Amino acid sequence: SILVDALCKEGLVSDAKGVADTMIQRGEQPNIITYTTLMDGYCLRDKMDKANKVFDLMIFKGILPDVTSYNILISGYCKSPRIDEAMRLFDEMSQKGLIPNTVTYTTLIGGLYLAGRDMAVKELFKEMSAPDTCKRGDLLNNVDGLCNHGNLDKALELFQAMKDNGLVANIVCYSIIIEGLCKSGGIEDAREMFFGITVKGLHPNVFTYNIMINGMCKEGQLNEAYCLFRKIEDHGCLPNSCSGFLQNNNTSKAMQLLEEILNRGFSADASTIEMILKMLSKDGFVSDAKGVVDTMIQRGEQPNIITYTTLMDGYCLRGEMDEANKVFDLMIFKGILPDVTSYNILINGYCKCPRIDEAMRLFDEMSQIGLIPNTVTYNTLIGGLYLAGRDVAAKELFKEMSAFEQPVNVVTYSTMLDGLCNHGNLDKALELFQAMKDDGLVANIVCYSIIIEGLCKYGRIEDAREMFFGLTIKGLHPNVFTYNIMINGMCKELLNEAYGLFRKIEYHGCLPNSCSYNTIIKGLCKSGRIEDAREMFFGLTVKGLHPNVFTYNIMINGMCKEGLWNEAYGLFRKIEDHGCLPNSCSYNTIIKGFLQNNDTSKAMQLLEEM
């Protein structure tokens, strides 16, 4: 049972089923715990038909299901959601002489609310006549679950129903609802509930304060959040978090408050430390992030695995893999065993360097120490192998992933599609794209953009156009990157149509970016429409955009081709005036222009300057 449970938790349900089958073949009878564990594994992966088969097999083997067995299946069906199946099992329990418990009722209440069956919920509440049938804690789990899944209205209805049925809401319950209101942008309702808590004889704890402060910070109400932070101690609580200020990118204020918290001998919570480390690392201040960790160690506080992995990630983002590896080794030295996430961070860093052999070494090491690589591990490595030009190894890893029954998601497929297209395997990419849809995965705009780009790259512009204009029928909306891909493909042969599509971007809720303008300006220059290109170039600032060095290079090259060398040179000299620095391409373009105009002295002068 322990082995089956461990395999199920790692997502290896087929292996768990294999263990159960081996037991039966050896003449050993799995007990009810083994069967229910296996059912739970299938339910967690939303394979309800297989879970049901295990349920039927258990009965066939003479083991009568108990309340827990039914609860597992009911929970699975509620989450699917297949609420009618859940209700059928609920009715079946009574027929079998089993009495539904609190877990049964609260699971069904949550499922019915999710399915929008409010009347059925009220009926179920009436049925719960026994005093101990409905416990507040179980309903709290449902309220919390609904809030976390964005179903605030349903959570509020359940919260009201809970009070209507005589259950007194405690501070935990109010905190859950306040957090839900804050997350959904209902800061005013959250504030009203927060400041009304004391009237109900309740007192906010530090978690309630943190929720409210975070909500205010999220809405940009930093002064009010800061005032509330200062009042925490007045109400008998000790502050332990300043993470809300980080949501507003106010790292300096958060660091100031963190220093104050630590200097006064309080302990900062893990989420605050993690957020500060992430913010410092993202802003490039990894040494400051390391300083925070060092301070923790000096104070006798043991950084946890999240702290270490966050710091590792900071170094990886800067490509400082040796430093990241030192943190990894320090973590192990301090007695904290790395988990899959720790390895994934390092593997991702090595893949981007790219130092793919180091990434593969870590991948092999995971299996040696008993860690099972997950979907993220495989996705990262497949992308890294393609980046390193090892397309055969990437394909083998994809096969291995399927063989080990790791869930293959849209990210996996998009990584594979991108790799195949970039390595000239468009037909294979199209086959895989079809296989993905056949497997029931819904392709997103990223997948379609990759395929459209591949079709354009290999001259199949008509197929690309057909796919692009068919996106809306599939309920997808092209983003600016998809438009850029299609415009770039059309510019090669269908400039007028590309120009027309460019003009339509804004009508479809997108804003053209620098890449959009660069693409169309380049197309206009190539076709000799220098006046249209010039008009668009000098109109960029009106649109709130600023030409980058690539835009300048395109325009300078176009002017040189049209023999407008003096104008090209004038534009070249203005690059730095607009906050850009000319690169080697800028110099090479203008030098070639002067050489074509037989102005060798000017070309030599620029070569020397370059």
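At roughly what angle do the axes of helix H3 and helix H4 cross, and within what distance do they come? The axes of H3 (residues 32-44) and H4 (residues 48-60) cross at roughly 165° and come within 7 Å. Axes here are lines fitted to C-alpha atoms, for helices over the stretch in contact, and angles run from 0 to 180 degrees between N-to-C directions. Helices are DSSP runs of H or I with at least four residues, strands are E runs of at least two, and both are numbered from the N terminus.

This is a predicted model, in which local features need pLDDT of at least 70 and side-chain atom pairs count only at pLDDT 80 or more, while totals for chains, interfaces and linings use all residues. Residues are numbered from 1 along each chain as its sequence is written, and side-chain values use heavy atoms, with hydrogens and water left out.

The chain as a whole comes first. Its secondary structure comes to 36 helices and 0 strands. Of its 610 residues, 47% count as buried; buried means under 20% relative accessible area, exposed means over 50%, and partly exposed lies in between, with a 1.4 Å probe and protein chains only. Among the contacts in the chain with a separation of 6 or more, 58% are between residues 24 or more positions apart. Contact means heavy atoms within 4.5 Å.

Back to the opening pair. The crossing angle makes H3 roughly antiparallel to H4, on a scale where angles under 35 degrees count as roughly parallel, over 145 as roughly antiparallel, 65 to 115 as roughly perpendicular and the rest as oblique. H3 passes H4 in a left-handed crossing, the term for a near helix turned anticlockwise from the far one by less than a right angle, with clockwise being right-handed. From H3, the residues Ile32, Tyr35, Leu38, Met39, Tyr42 and Cys43 meet Met48, Lys50, Ala51, Val54, Phe55, Leu57 and Met58 from H4. By class, this contact of H3 with H4 has 12 nonpolar residues, no polar ones and 1 charged residue. Ala, Val, Leu, Ile, Met, Phe, Trp, Tyr, Cys and Pro count as nonpolar, Asp, Glu, Lys and Arg as charged, and the others, Gly among them, as polar.

Asn52 belongs to helix H4 and is buried, with a relative accessible area of 18%. Asn52 touches Leu73 and Tyr77, leaving aside residues up to four places away in sequence. Its C-alpha atom is 7.4 Å from that of Met39, although Asn52 and Met39 are 13 residues apart in sequence. Lys53 is also placed in H4, but Lys53 is exposed, with a relative accessible area of 60%. The C-alpha atoms of Lys53 and Met39 are separated by 8.7 Å, and these residues are 14 apart along the chain.

The loop between H3 and H4 holds Asp46. Asp46 has a positive phi of about 60° although it is not a glycine, and with a relative accessible area of 47% it is partly exposed. Another such residue is Asn598, with a positive phi of about 60° although it is not a glycine. Asn598 is found in the loop between helix H35 (584-596) and helix H36 (600-609) and counts as exposed at 67% relative accessibility.

Ile356, Ala359, Met360, Phe363 and Met366 in H22 meet Thr377, Tyr378, Leu381, Gly384 and Leu385 in H23, a contact with 8 nonpolar, 2 polar and no charged residues. In the loop between helix H21 (340-352) and H22 sits Pro354. The peptide bond from Cys353 to Pro354 is cis, with omega near -10°.

The last topic is the interior. In soluble globular proteins, nonpolar side chains tend to be buried together. A nonpolar core is a set of buried Ala, Val, Leu, Ile, Met, Phe, Trp, Tyr and Cys residues joined through side-chain atoms within 4.5 Å. The largest one has 108 residues, of which Ile521 and Ile590 touch the most other members. Helix H27 (residues 445-457) gives the most to this core, with 8 residues. Apart from it lies another core, of 39 residues, including Cys8, Tyr77, Cys78 and Ala86.
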